[in-house]
Amino acid sequence: MKSGAQRITGLILSTTVLLALGCKKDKVEPTPIVPGNGGTSYTIPSTYVFTDDNNNNTVSFSGQQIRLEMLSEMVTYMKTANTAGTGLNATQLKDMYANNGITWNDAPGLGLTGTTKQLKSKTAYFTADGSPDAGVQAMFETFMDSIANLSNATTVGNEDGAPGVGGVWPNDGVKGPYLMSGKGIEYGQWIEKGLMCAVFMSQMTVHYLGTVDDDDNTTAVDPGAGKHYTSMEHHWDEAYGYFTSEIDYPANGTNRFWGKYANSRESVLGSATTIVEAFRKGRAAISNDDYTTRDAQITIIRSEMEKVCAGTSIHYLNDAKSNIASSTARNHFLSEATAFLNGLRFGYNAISGDGMTIAEIDTALTMIGEDFNNITITDLQNAIDYIASKTGLTSVKDIL
């Protein structure tokens, strides 16, 4: 598993009956459903808002909001290197990754500075309730070294990046400027999209959704401390927080990470709507002890996340095809495409074999190759066709 992770370089009714099963049970409205739990009906909300019978809020995913903001700040920092002569500090990037002594900007006021939350310790769980993979952590830190080294070799006003020459590649009339290696690798994309997959998707689909079945769903964790949720409710909420930091998605939360990319593929895949509805429906089911419906939503979320990830990779491969002669744009798109493609291995479906397998992901990466300057239309189409065939996207591959 570890060596594979390093391959990137190489209605339903209108009547609602709310169950009254103690203070931990939530009031949820206004959409009624009948999930098949002994004929009992309950409701799911139109936003991710759940309260108990005493109107106490039972939703908390502050740790996930913090981690999304940490990655946002890392991305902002890395993008400064797209200006020639702006050098990045590899140690700073690694400290941001591990939240080691960093003073964060923290524009939303989430309390980033001084928190023990970090991205590194949540990287690449290959089993539910597992632990971070040291090899994958090292892979990302190597990328941080690479982007820092490239950036520190650039000079002000000199956009001399080109095939075979690492540096800031100039705008080619389509995209740019971007800091990329001589092979066209944009390490900032590999880090951002890679951590979206190895942290956010892994924690969501492998860890939290894989452990809820073992959680207590009877007693509120600590009402005296404001924790009016059960462990099962809370862990489900934390999975949701890795998809979006906003309770009213997609009214908000479409500006970054999975909320952004799911929304970008919505017209073709419909995954953004499907995922957020599954999260709300599953949460309502948990609060009403309907575990059959909960489990069905887990399957939906995992499958739709695979579609978003694979579909976004195909989208960028299509962009690369359309811009094959524009070297900066082509390699920028290929960097994004390979980041999402490689990232598939960190999702539940790849690990379990229920979707595109890790070996198949490696095969697709080999089709693209390691030097983006040598890619051909045939290579791109072969990769598109293969990924689509393994993820059920063949019928929409041309319009992604």
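Lys94 has a relative accessible area of 24%, so this lysine counts as partly exposed (buried is under 20% relative accessible area, exposed over 50%, and partly exposed in between, with a 1.4 Å probe and protein chains only). This is a predicted model, in which local features need pLDDT of at least 70 and side-chain atom pairs count only at pLDDT 80 or more, while totals for chains, interfaces and linings use all residues. Residues are numbered from 1 along each chain as its sequence is written, and side-chain values use heavy atoms, with hydrogens and water left out.

Let's follow Lys94 to its partner. Asp145 forms a salt bridge with Lys94, their closest N and O atoms being 2.8 Å apart (a salt bridge is a side-chain nitrogen of Lys or Arg within 4 Å of a carboxyl oxygen of Asp or Glu). Asp145 sits in helix H4 (residues 134-152) and Lys94 in helix H3 (residues 90-98), so the pair ties together parts 51 residues apart in sequence. Helices here are DSSP runs of H or I with at least four residues, numbered from the N terminus. Asp145 is partly exposed because its relative accessibility is 29%.

Lys193 forms a salt bridge with Glu336, with 3.3 Å between the closest N and O atoms. Since Lys193 lies in helix H5 and Glu336 in helix H11 (residues 327-343), this pair ties together parts 143 residues apart in sequence. Lys193 has a relative accessible area of 3%, so it is buried, and Glu336 is buried at 5% relative accessibility. Salt bridges with shared partners join Glu192, Lys193 and Glu336 into one network.

Key
Helices (H or I, at least four residues) and strands (E, at least two) are DSSP runs, numbered from the N terminus.
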